[in-house]
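This report reviews selected features of the structure shown below.

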Amino acid sequence: MAQIFRTTVRSFATTSSRQNAIKTVTVIGGGLMGSGIAQVAATTGHQVVMVDQTDDILGKSKASIQKSLQRVVKKKFAEDPKGGEQFVSDILGRITTQTDSNAAVANSDLVIEAIVENIDVKKKLFSSLDKAAPQHTIFTSNTSSLPIGDIAVSTQRQDRFGGLHFFNPVPMMKLLEVVRIPATSDETFNKLSDFGKAMKKTTVDCKDTPGFIVNRLLVPYTIEAMRMVERGDASFKDVDTAMKLGAGYPMGPFELSDYVGLDTMKFILDGWAEKYPENPLFQPSALLNKYVAEGKLGAKSGEGFYNYKKK
Ligand SMILES: CCCCCCCC(=O)CC(=O)SCCNC(=O)CCNC(=O)[C@H](O)C(C)(C)COP(=O)(O)OP(=O)(O)OC[C@H]1O[C@@H](n2cnc3c(N)ncnc32)[C@H](O)[C@@H]1OP(=O)(O)O
Ligand SMILES: NC(=O)C1=CN([C@@H]2O[C@H](COP(=O)(O)OP(=O)(O)OC[C@H]3O[C@@H](n4cnc5c(N)ncnc54)[C@H](O)[C@@H]3O)[C@@H](O)[C@H]2O)C=CC1
């Protein structure tokens, strides 16, 4: 019995010291995903530095975090407005902002990159961070579709490199895909999984395959919905209604595309079409290209398949 107790305590201590391994987090990119990741990391007690290109963008990121926290407070602190105010100010107090990414990683245990879905821009960023960050700092990308291994080669720390793929909206979606490349050490992978659990997410282990688990299934499904409309088989609104009421999805594929961002969808599909030209599931969509060319990027630009502008 004592032996079992000692073993349990030891394994708890190991997990717990691993969970404590990551205290300070730098989130690079304060857009849709980065602001959500920063919010949840700060809510779960981590010190967060959020980085973006300008103070103006960072101001908007903080405002969107505040708005999201108000939604949480409305439910969680319905009977305790003072407690709600304290909750918000404690969380916001754990988030600082920076426009210089090299300076932002100086005291960081973990970097989570959530910038534009472009391999060259991501590689340039990581190559520079590699020289600025302490040796122990683990680097991760939140990329939806790029191979983690292709990004990691820009650094000299591939054993401390992995993927943390969050889902939108980060405060609501319970899943976190933890991605390892062949060079990722067990220690790094365990720390990343423990960090995900400390963020109160359910983690799944993924190999560095296109789209990991969720997007490998979700992207072809969504693009096939677009092809269905291109063929004139159904209207996009009917496809959405059908998938919500007939398959139980919370959003139809067109609502979800607008929510994710049509530009992000296009970055993903174009990248896969170029890298895997033989795969018919990854061919470009004329309908998607048309919306992006017209600047209709979805909810974030005020219009996509649906109109989000206040009348
Ligand atoms: C396109 C395919 C390819 C994509 C490839 C790139 C993308 C990726 O790499 C990976 C992805 O993220 S894929 C996207 C995954 N996300 C989804 O599938 C979201 C599906 N939608 C939902 O779950 C709900 O509609 C949702 C939870 C969003 C909203 O719920 P409802 O529909 O019930 O609507 P609401 O009434 O507005 O919300 C209900 C309550 O939820 C809370 N809430 C929602 N958003 C929040 C947020 N941002 N922050 C904090 N709380 C939030 C909120 O409590 C709300 O209650 P109230 O505010 O009181 O109304
Ligand atoms: N939109 C979605 O639903 C999801 C997106 N992702 C991935 O997350 C990443 C970010 O996507 P979103 O947040 O949707 O994009 P977004 O366009 O909302 O935000 C990107 C932010 O990065 C900033 N940025 C660009 N280059 C930068 C640099 N060099 N240094 C600092 N900041 C820089 C931009 O100013 C912008 O604020 C992408 O890799 C995307 O594939 C992952 C899961 C879901």
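The sections below describe a predicted model, taking each topic in turn.

## Salt bridges

Side chains of opposite charge can pair when their charged atoms come close. The structure holds 18 salt bridges. One of them joins the side chains of Arg157 and Asp130, with an N to O distance of 2.7 Å. This pair connects distant parts of the chain, the two residues being 27 residues apart. Arg157 belongs to the loop between α7 (148-152) and β6 (161-165), whereas Asp130 belongs to helix α6 (residues 119-132). Both Arg157 and Asp130 are buried.

A further salt bridge is formed by the side chains of Arg180 and Asp186, at 2.9 Å from N to O. Arg180 has a relative accessibility of 26% and therefore counts as partly exposed. Asp186, at 52% relative accessibility, counts as exposed, because the threshold for that class is over 50%.

## A salt-bridge network

Lys290 pairs with Glu294 in a salt bridge whose closest N and O atoms lie 3.5 Å apart. The relative accessibility of Lys290 is 42%, so this residue counts as partly exposed. Glu294 is likewise classed as partly exposed, at 41% relative accessibility.

Lys290 and Glu294 also belong to a network of salt bridges, in which they are linked with Lys296, Glu303 and Lys309.

## Helix packing: α3 with α4

Two packed helices are described by the angle between their axes and the distance between the axes. Helix α3 (residues 55-76) packs with helix α4 (residues 81-93) at an angle of about 145°, and their axes are 10 Å apart. The crossing in which α3 passes α4 is right-handed.

On the side of α3, the contact is made by Lys62, Ile65, Gln66, Leu69, Gln70, Val72, Val73 and Lys76. On the side of α4, Gly84, Phe87, Val88, Ile91 and Leu92 take part. Sorted by class, the contact of α3 with α4 contains 8 nonpolar, 3 polar and 2 charged residues.

## Helix packing: α9 with α10

Helix α9 (residues 214-230) and helix α10 (residues 236-247) have axes that come within 9 Å and cross at roughly 140°. The two helices are therefore oblique to each other, because an angle counts as roughly antiparallel when it is over 145 degrees. The crossing of α9 past α10 is right-handed.

Tyr221, Ala225, Met228 and Val229 of α9 meet Phe236, Val239 and Met243 of α10. The residues of this contact divide into 7 nonpolar, no polar and no charged.

## Backbone geometry

Most residues other than glycine have a negative phi, and most peptide bonds are trans. The peptide bond from Asn168 to Pro169 is cis, with omega near 0°. Pro169 lies in the loop between β6 and β7 (175-180).

Lys200 has a positive phi, near 65°, and is a residue other than glycine. Its position is in the loop between α8 (186-198) and β8 (202-207). With a relative accessible area of 68%, Lys200 is exposed. Phe212 is not a glycine either, yet has a positive phi of about 50°. This residue is located in the loop between β8 and α9. Phe212 is buried, because its relative accessible area of 5% falls under the 20% limit.

## Ile223 and its surroundings

Ile223 is part of helix α9. At 0% relative accessibility, Ile223 counts as buried. Which residues surround Ile223 when its neighbours within four places in sequence are left aside? Under that condition, Ile223 is in contact with Met265, Leu269, Gln283 and Leu288.

Ile223 can also be related to Leu287. These two residues are 64 residues apart in sequence, while their C-alpha atoms are 9.6 Å apart in space.

Conventions
Residues numbered from 1 in each chain as written. Chains lettered and ligands numbered in written order. Predicted model: local features only at pLDDT ≥ 70, side-chain atom pairs only at ≥ 80, totals over all residues. Heavy atoms only, no water. Salt bridge = Lys/Arg side-chain N within 4 Å of Asp/Glu carboxyl O. Helix = DSSP H or I, 4+ residues; strand = E, 2+ residues; numbered from the N terminus. Buried < 20%, exposed > 50% of the residue type's maximum accessible area, 1.4 Å probe, protein only. Axes fitted to C-alpha atoms, helices over the stretch in contact; angles between N-to-C directions. Parallel < 35°, antiparallel > 145°, perpendicular 65-115°, else oblique. Left-handed = near helix turned anticlockwise from the far one by under 90°. Contact = heavy atoms within 4.5 Å. Nonpolar A, V, L, I, M, F, W, Y, C, P; charged D, E, K, R; others polar.
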